[in-house]
Amino acid sequence: MISKDYADYAWEATAKLLAIDSPSGYTEQAAKWVCASFQFLGFNAVLTTKGGVLVDLGGENSDDALLLEAHTDTLGGMVSQIKGTGCLKITSLGGMNANNAEAENVRIHTRDGRVYEGTCQLHDPSIHVNGSYNDTKRSWDNVEIVLDEDVRSAEDVRRLGIEVGDIVCFDPRTRRTASGYLKSRFLDDKLSVGILLGFAKYLKDQGITPSRRVYAHITVYEEVGHGGSGSVPQGVTEAISVDMGCVGDGLGCTERQVSICAKDSGGPYSYCVVSKLIEAAKRTGADYAVDVYPYYGSDVEATLRAGCDIRHGLIGAGVFASHGYERSHIDGVYNTLKVLCGYLDLV
């Protein structure tokens, strides 16, 4: 049975990746780090033309190969207007929500490589001045980036090199508690990238060659809907998205479990694959829940929409407060690793 040490390794890798800004469309450095991390473990990993990472994890039967998909792109923002006040209006990248972006620290990356700090704030954010503060509905029309620079006009901002189209990255605020909880923005889905690195290290350390070929595709456009729509190796018959498991009202999963998704907003997952995932969880003693996600889409659905003739599934460590300040647990990571091992009969 896989040791829990690999869950700890997965988290250590995740924490390093979380420190690299990578909202959709600005993922080059994160992808290079992921590629180098798989290469360091001894696997053939290459950057795809689209900017993702394709990894060959080895295995025997290449005509019945398994593709594991996770994504390293996150939510974020892009400068859409430089205001006359010297503040920045932004448009969201992915599902970044103005309601929980308020009061977060940000970094603005310019195209010439400069980085500036700022804070996302409601326009006129002082409650001692703004009598409508409590009643104002937050949206990207009234939430703005206040730069930590002496700027009072659009001209002042442009002299810094900041322009429309520059990337705005939100501070993840990453930490692990003594009780094993993992807290950060963007656990969706950097935690799963860490899990796949932990799984790869297990294969390497134990000298395991799976009976079927296994590939990993770390995508970079999942949050905008087309991450998994390419780079499927020949011979792949099944694809499993390793993404976050949803935690919330009406769902059974907790942060300490692995979630197996039976259906999301895109429709049902392969009955065959879901059944095998459940059996893998039972066989390995993984603590799991089967759930239906009401508002969710995954990389493997993009793979199917691209025309690939494959069966598909979705698992992930339970994540609370998705697309906000997210929380999972090291036990959820470990249970996900168990299911991956069980699915490939590595027990």
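Before I turn to the strands, one term: two strands are said to pair if DSSP finds at least two bridges between them. Please keep in mind throughout that what we are looking at is a predicted model.

With that in place, consider strand 15, residues 258-264, which pairs with strand 18 in the antiparallel sense over three bridges; within that pairing, Ile 260 has Ile 315 of strand 18 as its bridge partner. Strand 18 has other partners that I would like to go through.

Why is strand 18 described as largely enclosed by the rest of the structure? The reason is that eight of the 10 residues in this strand, which covers residues 311-320, are buried, and buried here means under 20% relative accessible area.

In soluble globular proteins, nonpolar side chains tend to be buried together. The largest nonpolar core in this model holds 100 residues, and the members that touch the most others are Phe 38, Leu 57, Phe 170 and Phe 199. Helix 5, residues 187-206, gives the most to this core, with 10 residues.

Finally, take Phe 199 itself: leaving aside its neighbours within four places in sequence, Phe 199 is in contact with Leu 57 and Leu 68, and also with Leu 337, Leu 340, Cys 341, Leu 344 and Leu 346.

How values were computed:
Residues are numbered from 1 along each chain as its sequence is written. This is a predicted model: local features need pLDDT of at least 70, side-chain atom pairs count only at pLDDT 80 or more; totals for chains, interfaces and linings use all residues. Side-chain values use heavy atoms; hydrogens and water are left out. A nonpolar core is a set of buried Ala, Val, Leu, Ile, Met, Phe, Trp, Tyr and Cys residues joined through side-chain atoms within 4.5 Å. Buried means under 20% relative accessible area, exposed over 50%, partly exposed in between (1.4 Å probe, protein chains only). Helices (H or I, at least four residues) and strands (E, at least two) are DSSP runs, numbered from the N terminus. Contact means heavy atoms within 4.5 Å.
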